[in-house]
Amino acid sequence: MDYDRIIAVSNDKTVYHHGDKRIKAYALKEGFVYALEEALKTAKVLNKTQLRVPPIYSVTANEKGVECVGEFIEGETLLSILKQDLTNYKSVIDEFLLLHKEIHSYKNVLSDDEGCDNQSLDSRFANDTLCHGKYALENVIKDKQGNLYVIDWVNAFEGNKEKDCMITYFLCLYSLGQPVADYYLEGYCKLNSTSEAEVRKEESFALRYLVKNFKGSKNSFFTSLLNK
């Protein structure tokens, strides 16, 4: 298939825009498992929540690899918006925080066997909260009407929201630096009436999770933090 333009590139996949579709193309056939998992979790989130999530239409495999085809949302990611004008980061992060809280308001969306990283959850926390698992500024799209859409649900899990928060904290740290990451964490704690110390108990889990799930420069960044 011919594509209109490239949206994003990573070590193992390329994302394209083609007409009204968003196509995630995996170079290796092993990507079929990830594409199916993303399609399944996306469907569950669409069916069981009121979140704005672009649907996935199909997953196909051929001799060149795997294609995951979904709806294309015309707009900009929050990361792109911030990189154009970082002085406005507080208002953008405030929107980002409210949407994260909305995601965490949903329970029992995924099946019981889709736990995070196959690890037992701390008994102090509820284990049925919907967590995105990769809630980053580049995975939230603002359309022309100002609506926010959340994409890339392949890493979604049901666990405690503090784990999800720390994953997002480190993703913000990588993308935009300490001031933005700290503002996100402070805002998260205020919105959820919890202490920063309580959330930071999940630092080690979040970094191990990120090292496992990212390659390239992100993997090196998170590995360096984990080894400090």
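Helices (H or I, at least four residues) and strands (E, at least two) are DSSP runs, numbered from the N terminus. Axes are lines fitted to C-alpha atoms, for helices over the stretch in contact, and angles run from 0 to 180 degrees between N-to-C directions. The model is predicted: local features need pLDDT of at least 70, side-chain atom pairs count only at pLDDT 80 or more, and totals for chains, interfaces and linings use all residues. Residues are numbered from 1 along each chain as its sequence is written, and side-chain values use heavy atoms, without hydrogens and water.

Helix α4 (residues 161-176) packs against helix α7 (residues 203-213). Their axes lie 8 Å apart, at an angle of about 60 degrees. The pair is therefore oblique, the class left for angles that are not under 35 degrees (roughly parallel), over 145 (roughly antiparallel) or 65 to 115 (roughly perpendicular). Contact (heavy atoms within 4.5 Å) involves K163, M166, I167, F170 and L171 of α4. From α7 come E203, F205, A206, L207, Y209 and L210.

An open sheet of 5 strands is also present, in the order β1-β2-β3-β5-β4. Its pairing is antiparallel, where two strands pair if DSSP finds at least two bridges between them. β1 (5-9) and β4 (56-62) are the edge strands, each pairing on one side only. From one strand to the next, the twist averages 20 degrees. β4 pairs with β5 (residues 65-71) over 6 bridges. Here A61 stands opposite V66 in β5. Helix α1 (residues 31-48) lies across β3 (21-26), β4 and β5. Helix α1 runs at about 170 degrees to β4.
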